[in-house]
There are 2 protein chains.
Amino acid sequence: MKLLTKHTDYAVRALMALAGQKLYIPAKEISEKQGIPHQFLRGLLQQMVHHGLVESKLGPTGGVKMIVEADTVKLLDLVEIFQEGIEFAECLFRDKVCQNRPTCVLRTELLRIEKIVNDELSNITIQTLIDRLDENICPKGLI
Amino acid sequence: MKLLTKHTDYAVRALMALAGQKLYIPAKEISEKQGIPHQFLRGLLQQMVHHGLVESKLGPTGGVKMIVEADTVKLLDLVEIFQEGIEFAECLFRDKVCQNRPTCVLRTELLRIEKIVNDELSNITIQTLIDRLDENICPKGLI
DNA sequence: GGTATTTGATATTAGTTTAGTATCAAATCT
DNA sequence: AGATTTGATACTAAACTAATATCAAATACC
């Protein structure tokens, strides 16, 4: 189980590439540099246009440009756009009298964890990640 | 995205039903009481037998019996059995020189969150959940 | 011994989600 | 005019999750 889908993962990387750029950058350039499938990335960028994170321009010299500040884009925002948020637990008995106590007890715990994760995802922004880039390339033990 | 699959969810509920019982209990009885598909539950119970959480006995008067203490079975144990653990992030560049810094930075954050979740799942045992049953039936606002 | 009950073991199917691909039209720069 | 880029949409493939179906072997009980 992955916390982030490829959608979110790629979107994060695309925004990191776009942050601070003043010119429009073609999707193709990003997809090549970051190793993201081109058409797949285009779909993601379009969604970000719809959500007001990014602006696009057609034709040559066209491409996409970030129109929000990197420190205002939370990881949670992207998770909500591309994964419809995090939902660790679902109530199996909505609209019914709750007759399943074990499930509900478990659900309470899962909701608690879900909140922790959501808080963490709120505290990470695109800018946070960019700042980390300067600190180290690849953390020890990961490769 | 759910943190627990049905496998884990059902397994938890089955263990809660088995905890403290001295006699063998047929899978069918549990599946009916807890509303878990019979054959599906049988598969889960068999896995728990293989992992030494549960003991089985054939024939009439047979069934399954828990052979570990409820306070020693962590939610994380079940997640590891039925979901092969939690893995929020995967390195896309194993065995290669790490050329993808944004992904690695993101991965570091995800690993940190993953650890938090694993710790939380370690702190919840079957006994924890059973204890909660006595406190309240269904938390306010959930239904 | 015969029958009902229960688990062991395994194979198969169906549904959902995730990931990726393909096309064609419209705009725009040179 | 022609190359480039996004807009919009439809489609395919792979992986994962959930569930179902069988048949054999062991056991209790009459």
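Modeller: What follows starts from a single helix and then moves to its surroundings.

The model is predicted, so local features need pLDDT of at least 70 and side-chain atom pairs count only at pLDDT 80 or more, while totals for chains, interfaces and linings use all residues. Residues are numbered from 1 along each chain as its sequence is written, and chains are lettered from A and ligands numbered from 1 in the order in which they are written.

The helix is H3 of chain B, residues 38-50. Helices (H or I, at least four residues) and strands (E, at least two) are DSSP runs, numbered from the N terminus. The 13 residues of H3(B) should span 18 Å at 1.5 Å a residue, and the end C-alpha atoms lie 19 Å apart, which agrees. The expected span is 1.5 Å times one less than the number of residues.

Which residues of H3(B) are buried? They are B:Leu41, B:Leu44, B:Leu45 and B:Met48. A residue is buried if 20 or more other C-beta atoms lie within 10 Å of its own, exposed if 12 or fewer, and partly exposed in between, with C-beta atoms placed from the backbone. Viewed down the axis of H3(B), the buried residues fall within an arc of 100 degrees, so they line one face of the helix. That arc is taken over the directions from the helix axis to the C-beta atoms. B:Gln39 and B:His50, on the other side of H3(B), are exposed. Just after the helix, B:Gly52 takes a positive phi of about 75 degrees.

H1(B) and H3(B) pack at an angle of about 75 degrees, their axes 10 Å apart. Axes are lines fitted to C-alpha atoms, for helices over the stretch in contact, and angles run from 0 to 180 degrees between N-to-C directions. The two helices are therefore roughly perpendicular to each other. Angles under 35 degrees count as roughly parallel, over 145 as roughly antiparallel, 65 to 115 as roughly perpendicular and the rest as oblique.

From H1(B), the residues B:His7, B:Tyr10, B:Ala11 and B:Ala14 meet B:Phe40, B:Leu41, B:Leu44, B:Leu45 and B:Met48 of H3(B). Two residues are in contact if their C-beta atoms, placed from the backbone, lie within 7 Å. The residues of this contact of H1(B) with H3(B) divide into eight nonpolar, one polar and no charged. Here Ala, Val, Leu, Ile, Met, Phe, Trp, Tyr, Cys and Pro count as nonpolar, Asp, Glu, Lys and Arg as charged, and the others, Gly among them, as polar.

H2(B) holds B:Ile30, which is buried, with 25 other C-beta atoms within 10 Å. Not counting residues up to four places away in sequence, B:Ile30 touches B:Ala14, B:Ala17, B:Ile25, B:Ile36 and B:Leu41. B:Leu41 is one of the buried residues of H3(B), and B:Ala14 is among the H1(B) residues that meet H3(B).

The loop between H1 and H2 of chain B contains B:Ala19. B:Ala19 counts as partly exposed, with 17 C-beta neighbours inside 10 Å. Leaving aside neighbours within four places in sequence, B:Ala19 is in contact with B:Met66, B:Ala70, B:Ile126 and B:Ile130. Further along, B:Glu84 lies in the loop between helix H4 (75-83) and helix H5 (101-123) of chain B. Its phi is near 55 degrees, a positive value in a residue other than glycine, and B:Glu84 counts as exposed, with 9 C-beta neighbours inside 10 Å.

In chain A, H1 (residues 6-18) and H3 (residues 38-50) have axes that come within 10 Å and cross at roughly 75 degrees. H1(A) and H3(A) are therefore roughly perpendicular to each other. A:His7, A:Tyr10, A:Ala11 and A:Ala14 in H1(A) meet A:Phe40, A:Leu41, A:Leu44, A:Leu45 and A:Met48 in H3(A).
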